[in-house]
Amino acid sequence: MMRLFRPNRSIWLAMLAVVVTLSFYARPAFAVNPDEMLSDPVLEQRARTISEELRCLVCQNQSIDDSDADLAHDLRVLVRERLLAGDSNQQAIDYIVARYGDYVLLNPPLKPDTYILWASPFILLILAALAVVGFYRRKKRDGRTTPANLTDQERKRLDEILSPSGE
Amino acid sequence: MRFWIAVIPLVLFAALAGIFLTNIGKDQSVIPSALIGKPAPEFSLPPLPGRDKGISRADLTQGHVSVVNVFASWCVPCRAEHPMIKRLAAEAGVPVYGLNYKEKDPQDGVNWLDELGDPYTAVGMDISGRTGIDFGVYGVPETFIIDGDGKIAYKQVGPIDAETLEKVLLPKIRELKKG
C-alpha cells in the first residue's frame, strides 16, 4: 500500500527544498545569528524546531527562536550543543525544563496542574452546546403554546369545526 | 430558569474579582523556580582576576546554610541592591557567595566591587553564563538560599529591598539554620 505511493528520492528532495524555502520566507523576523547555526542542516533544523517551543524567559511571550535577548541566545547555543552531544529533541528540551521548569514550554504539558487549562475549551464547547439545545427547546415549546392564544372569534370558529353536526 | 440566567453574570463577576484581588501586588513576571528543593547544580567557577578563591558546589555543601547572589556590573538593579547584600552578609551570619554573571571584561566585576565594597565570602566568575543557566537564572539579580545539604531552599528574583531582606530572606535563613 505504502509502496505504491512512495515518491522517489528526487521528489522528496524537491519537496523538502520547497518546504525549507517556504519556511524561511514565512518568518521574516530572524533572531538566530548566522554564527549560532550548526553546519549540519538537519541538526540545525531540529534546533530550530526545539527553539520555537521554548519560551524566552526574559521577554516571556516570545520563543527563544524569535528573541534577541542575551539569555535566548545562550539557550539557543545550549540547545545546539546538546544536539551535537547526541541528545534527542526530547532530551534537549528536558535539559532546559529541568532548569527552568514547565514554564519554558510554550506548549504546556498535560498534567494535574494544567488539567483546567486543557479542559477549558471543551467545557466551553459543552456549555455552548447546552445553550444551543436550550434555545431550540424553548423555541419549540413556545411554538407549541402559541396556538393556545386564540382570539374568542377563532375559538368559536374552531369549536364549530370540531363539533360534530353543529351541536 | 430566568433567575439562574440573571445570577450567572454576578457569579462570574465575583469569581473574576476574587482572582484579580488575590493577584494584586504579585509580580506576574516572576516565574516559579523549578529548582526549589533540588540540589544546587554541579559547578566550579574561577576567581576574579587578582583573587585566589572562586566558588564551586563544594562551598555549598559544608553543612551550613549559605547564600548565592547573582550579580553583574552591567546590571543596574544590582547596584541598587548592593547595600542590602552588605546587610545580608553582616546580619545573616552565613557565607554569602557572589556569582558574577556574564561580564564583558573580567576586570569589570573587580572594579565594581572596589567601588561599592565587597561583602562576599568569595566570588566566582561566570563569563559564559552557563552556570547561571544551570541555576535557572533568567534575570539578574537573583539570590538563592542554599540549605546545609546543598539544596536550593529559596530563590529571590530581582533586587532585594529592605522589606524583602527583613521579612523574607533573614527569617528564611534563621528558620533553615535552626534545622
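Reply:
**Helix α3(A) and its surroundings**

In α3(A), the buried residues pack against α4 and α5 of chain A. Helices here are DSSP runs of H or I with at least four residues, strands are runs of E with at least two, and both are numbered from the N terminus. A residue is buried if 20 or more other C-beta atoms lie within 10 Å of its own, exposed if 12 or fewer, and partly exposed in between, with C-beta atoms placed from the backbone. This is a predicted model, in which local features need pLDDT of at least 70 and side-chain atom pairs count only at pLDDT 80 or more, while totals for chains, interfaces and linings use all residues. Residues are numbered from 1 along each chain as its sequence is written, and chains are lettered from A and ligands numbered from 1 in the order in which they are written.

With 13 residues, α3(A) reaches 19 Å from its first C-alpha to its last, close to the 18 Å expected at 1.5 Å a residue; the expected span is 1.5 Å times one less than the number of residues. Ala47(A), Ile50(A) and Ser51(A) are the buried residues named for α3(A). They cover an arc of only 100° around the axis, which places them on the same side of α3(A). The arc is that of the directions from the helix axis to the C-beta atoms. The other side of α3(A) carries Pro41(A), Val42(A) and Thr49(A), which are exposed.

One partner, α5(A), spans residues 89-100; its 12 residues reach 17 Å from first C-alpha to last, close to the 16 Å expected at 1.5 Å a residue. Its buried residues are Ala92(A), Ile96(A), Arg99(A) and Tyr100(A). Seen down the axis of α5(A), these residues fall within an arc of 90°, so they line one face of the helix. They pack against α3 (41-53) and α4 (70-84) of chain A, together with α4 (130-134) of chain B. The face turned away from this buried side bears the exposed residues Gln90(A) and Gln91(A). Just after α5(A), Gly101(A) has a positive phi of about 80°.

Chain A as a whole has 7 helices and 0 strands. Buried residues account for 15% of its 167 residues. Two residues are in contact if their C-beta atoms, placed from the backbone, lie within 7 Å. Among the contacts in chain A with a separation of 6 or more, 47% join residues 24 or more positions apart. Elsewhere in this chain, Thr21(A) lies in helix α2 (residues 9-26) and is exposed, with 10 other C-beta atoms within 10 Å. The C-alpha atoms of Thr21(A) and Asp113(A), which are 92 residues apart along the chain, are separated by 39 Å.

The link to the other chain comprises 11 residues of chain B in contact with 11 residues of chain A. On the chain B side, 5 of the touching residues are nonpolar, 5 polar and 1 charged. In this classification, Ala, Val, Leu, Ile, Met, Phe, Trp, Tyr, Cys and Pro are nonpolar, Asp, Glu, Lys and Arg are charged, and the others, Gly among them, are polar.

Chain B contains 5 helices and 7 strands, in the order α-β-β-β-α-β-α-β-α-β-β-α from the N terminus. Its radius of gyration is 20 Å, well over the 16 Å that the globule rule gives for 179 residues, so chain B is more spread out than a compact globule. That radius is taken over C-alpha atoms, and the rule is 2.2 Å times the number of residues to the power 0.38. Along its principal axes, the C-alpha trace spans about 80 × 35 × 30 Å. Of the residues in chain B, 37% count as buried.

The peptide bond from Val140(B) to Pro141(B) is cis, with omega near 0°, and Pro141(B) is found in the loop between α4 and β6 (142-146). Lys102(B), although not a glycine, has a positive phi of about 50°; it sits in the loop between β4 (96-101) and α3 (106-116) of chain B. Lys102(B) is buried, with 20 other C-beta atoms within 10 Å. Most residues other than glycine have a negative phi, and most peptide bonds are trans.
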